[in-house]
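Please keep the model open beside you as you read.

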Amino acid sequence: MKLRQTNGIAAASAKAGFSTATGYRIAQTPVLPSQRAKTRERRRPDPLAEIFEHEIVPLLKAAPGLRAVAVFEEMRRRHPDLDPGVRRTMERRIRSWRALHGPEQEVIFRQIHEPGRLGLSDFTDMGDLGVLVAGQPLDHRLYHFRLMWSGFEHAHVILGGESYVALAEGLQNALWALGGAPTEHRSDSLSAAFRNLDAEARADLTTRYDALCGHYGMTPTRNNRGIAHENGGIESAHGHLKAAVRDALLLRASRDFDDLAAYRRFIDEIVAAKNRRSGARIDAERAALQPLPDRRTSDYEEVIVTVTSTSSFTLRKVFYTVPSRLIGHRLRVRLYDDRLDLFIGGTHLMTLARGRSKSNGAHGHVVDYRHVIHSLRRKPMALMKLVYRDQLFPREAYARTFERLVEALSERVACRMMVELLAMAHERACEAELADLLGTDLAAGRLPDIAALRERFAPNPAALPEVVIQLAPLSTYDVLLTGEAA
């Protein structure tokens, strides 16, 4: 008050060590605290006085994790006459008691991060975004990598689960896009990859993961299972990335993509835009990263399979067809997240899309009708009860046409006509055009005309062309010897 005589309220408060708000309050009521009226006492009885110390506190001590609402419901059960309006009072009283007498809680220790030291990896589920590829829902995850100091991010679309293959492919893509490697890499223990594996298989995965990090000079570390905040540098970034993807999908006005490559480009553009905002810090951290090795290391699993008499093999509960010339051969399969590379010896044969087993445990199927159509032409009735018949048809129009043929014709004739249509699509390279014509016939309610279709997609590649060769007289070659016209 003495300072107030020569200074304004703000200046006097600052000189006296008060906040400005306190200065205004004192100026409005210039009375000493001892001279003020006593604080108003409670006007009604405490509704929890009889039960808090004798019943609620023992519950809190016996079950420290018990929610306040559960305590309230239990007290209502024990004392039906307890006023429902005391719930908030009880919650505040419990919160105050826990602050004074509750158990010790886990402390999070903030860390100092240095450039080039720590990179984090994790997976996040994207199924709730409703992304479609060619009209079909895409069940997928994102492998997400982030540098702790600069915030550099990389995301890779994963079609399967949280496996070692997915981690190895995504991590190496991130490091080569970044142009360097940190000294330490932290993951979340790859819990999904270790699930349902015996001790030997878990040890093999750990060895491969350690070898992957060793190839890039990184020290592998894992956070404790079930403690998410130990990987908080990537867990919190998941939410920001998914929010950016969700916003971009809304701005795009469509969640349907032509193919998987288009969706992957879409994700890459979003991540690149996030990285541009931290471009200066990322460039600064690149200088502190370790140089990359001369080449990538393996990001696949290698399995040996035998092609059976069904011109197929089964791997991870998925049935794959291959050309019949491979029946009886042992193939070396490199299993990636989204594909299979097949080798016989050191020769690469082909690449197949990777299939997945059904959620109910049923086998999946990856079928190419071109692999079996030549045998199916000799046994057309096999189509009727074929195990993978639904997966054999390359397009929806073929499946609907077969249903129409079975309804209108005998099974034998329907199977023969359908096999001829598939053979025509393969031999005359007209799968898409033929599907359009079959769709037109279905819309018009008529059956396909095999003869007309053969004429439309002529010539028949099985027919030998007539070649006429005219032989020149031998005297013509005298010019080459004499240099004179004959």
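Let's begin with V133, which stands opposite Q136 in β3. The two strands involved, β2 (residues 132-133) and β3, pair in the antiparallel sense over two bridges. Here, two strands count as paired if DSSP finds at least two bridges between them, and strands are DSSP runs of E with at least two residues, numbered from the N terminus. This is a predicted model, where local features need pLDDT of at least 70, side-chain atom pairs count only at pLDDT 80 or more, and totals for chains, interfaces and linings use all residues. Residues are numbered from 1 along each chain as its sequence is written, and side-chain values use heavy atoms, with hydrogens and water left out.

β2 belongs to an open sheet of three strands with mixed pairing, in the order β3-β2-β8. The edge strands, each pairing on one side only, are listed here:

| Edge strand | Residues |
|---|---|
| β3 | 136-137 |
| β8 | 256-257 |

Further along, strands β13 (residues 339-344) and β14 (residues 347-353) run antiparallel and are joined by six bridges. R339 has A353 in β14 as its bridge partner. Two residues lie between the strands of this hairpin, and G345 takes a positive phi near 65° there.

Finally, is T124 buried or exposed? T124 counts as buried because its relative accessibility is 9%, where buried means under 20% relative accessible area, exposed over 50% and partly exposed in between (1.4 Å probe, protein chains only). T124 is found in strand β1 (residues 118-125). Leaving aside residues up to four places away in sequence, T124 touches R141, L142, H238 and K242, a contact being heavy atoms within 4.5 Å.

Methods
Helices (H or I, at least four residues) and strands (E, at least two) are DSSP runs, numbered from the N terminus.
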